[in-house]
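Try each task before you read its solution.

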Amino acid sequence: MTRAIPVPPALPRDNTGAESTEQDTVLWPVVHAVWLRELLLFRRYWPAVTFGSLVEPLIYIAGFGLGFRQLIGSATGQPYLQFLSTGMIATAVLFSSVFTGMFETYNRRRHQKIYDAVLSRPVDVWELVSAEASWIAVKSGVYGSAPLLVAIAVGLPVRPELLLVPPVALLAGSGFALCGMWVSCLVPAADWLRLIASGVLTPLVMAAGVFFPLTGWARTGALVNPMYHCTELVRHCAFGTLGAGDACHATVLLVFAAVAWRLAVRAMHWRLVD
């Protein structure tokens, strides 16, 4: 028996298809409905998603950390295994959020037509995008905490600043999820998403200081890479070295999320409404 998923109550629209003024400012009913739908679906496929999101970073930590630490004792004054484990937090957030934003939203928009059904109710595109991105961000923030537990297990001291890591992961996950949703609207076919995953995301990770410290021109070039700012902010929280420069890292992530939200809303509106 199919279980019904609640949606926001119907409100009158004018001849242009716009919602009433009151509904334009109400986001919570849409978030509630989308989250309930996602939770019902997540109960069915969580083992597969969790395995990929958690095991892949752990494999990197085991392969690079246990192997390279024989050659590299420390990085930026920290044991290399802890340096790598904290860097993998940003990687886990990136892949768990942007992959969902690209592939799942593409399928729901292009093949399953879920978004068409949602927008048949009194729901705006920006509400749909915001609700979907909030779910992806929270989920990626939880998955991104797994490498942090590994870092603690290999000797990372437990300090109050570690409580800031999940909010950083949530902020970065929001931007990456929205960016993935935007990209999913630009490609003509799903195969292009795999090209972006290997041709764009992998270089972003390699140029973010996840596996080795960045210096000179590499560090200067990384300033335009949101992964770099996420990695630096996570590391400074984990190692208790937060400073004034971290406000710049947080600002970049906020701006990145805001720009990605705008781009995702415009692209979704173009694909679903225009």
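**Exercise 1. Helix α5**

Work out how many of the 20 residues of α5 are buried, and check whether the end-to-end span of the helix agrees with its length.

Solution. Please keep in mind throughout that this is a predicted model.
- Step 1: Count the covered positions. In α5, 16 of the 20 residues are buried, so the helix is mostly covered.
- Step 2: Find the expected span. The expected value is 1.5 Å times one less than the number of residues, and for the 20 residues of α5 (residues 125-144) that gives 28 Å.

**Exercise 2. A network of charges**

Find which residues are linked with Glu38 in a network of salt bridges, and state for Glu38 whether it is buried or exposed.

Solution. As a reminder, side chains of opposite charge can pair when their charged atoms come close.
- Step 1: Start from the total. The structure holds 6 salt bridges.
- Step 2: Look at Glu38 itself. Its relative accessible area is 0%, and since buried means under 20%, Glu38 is buried.
- Step 3: Take its partner Arg37. The closest N and O atoms of Glu38 and Arg37 are 2.6 Å apart. Arg37 is buried too, with a relative accessible area of 8%.
- Step 4: Take its partner Arg108. Here the closest N and O atoms are 2.5 Å apart. Because Arg108 lies in helix α3 and Glu38 in helix α2, this pair ties together parts that are 70 residues apart in sequence. Arg108 is buried, at a relative accessible area of 6%.
- Step 5: Follow Arg108 onward. Its side chain also meets that of Glu104 in a salt bridge, with 3.2 Å from N to O. Arg108 and Glu104 are 4 residues apart in helix α3, which means that about one helical turn separates them. Glu104 is partly exposed, with a relative accessible area of 22%.
- Step 6: Salt bridges link Arg37, Glu38, Glu104, Arg108 and Glu132.

**Exercise 3. Aromatic pairs**

Classify the pair of Phe42 and Trp135 by its geometry, then do likewise for Phe99 and Phe103.

Solution. A pair of aromatic rings is described by the distance of the centres and the angle of the planes.
- Step 1: Note the total. There are 6 aromatic pairs in the structure.
- Step 2: Take Phe42 and Trp135. Their ring centres are 5.9 Å apart and their planes are at 80°, so the pair is edge-to-face. The cut-off used in this step is an angle over 60 degrees.
- Step 3: Locate this pair. Phe42 is in helix α2 and Trp135 in helix α5, 93 residues apart, and the pair links distant parts of the chain. Both residues, Phe42 and Trp135, are buried.
- Step 4: Take Phe99 and Phe103. With 5.9 Å from centre to centre and 65° between the planes, this pair is edge-to-face.
- Step 5: Locate this second pair. Phe99 and Phe103 both lie in helix α3, 4 residues apart, or about one turn of the helix. Phe99 is partly exposed at a relative accessible area of 31%, and Phe103 is partly exposed at 24%.
- Step 6: Look for a cluster. Ring pairs link Trp35, Phe42 and Trp135.
- Step 7: Arg235 lies over the face of Phe83, at 3.5 Å from the ring centre.

Terms used:
Residues numbered from 1 in each chain as written. Heavy atoms only, no water. Helix = DSSP H or I, 4+ residues; strand = E, 2+ residues; numbered from the N terminus. Buried < 20%, exposed > 50% of the residue type's maximum accessible area, 1.4 Å probe, protein only. Salt bridge = Lys/Arg side-chain N within 4 Å of Asp/Glu carboxyl O. Phe/Tyr/Trp six-rings, centres within 6.5 Å; stacked < 30°, edge-to-face > 60°. Lys NZ or Arg CZ within 6 Å of the ring centre and 35° of its normal.
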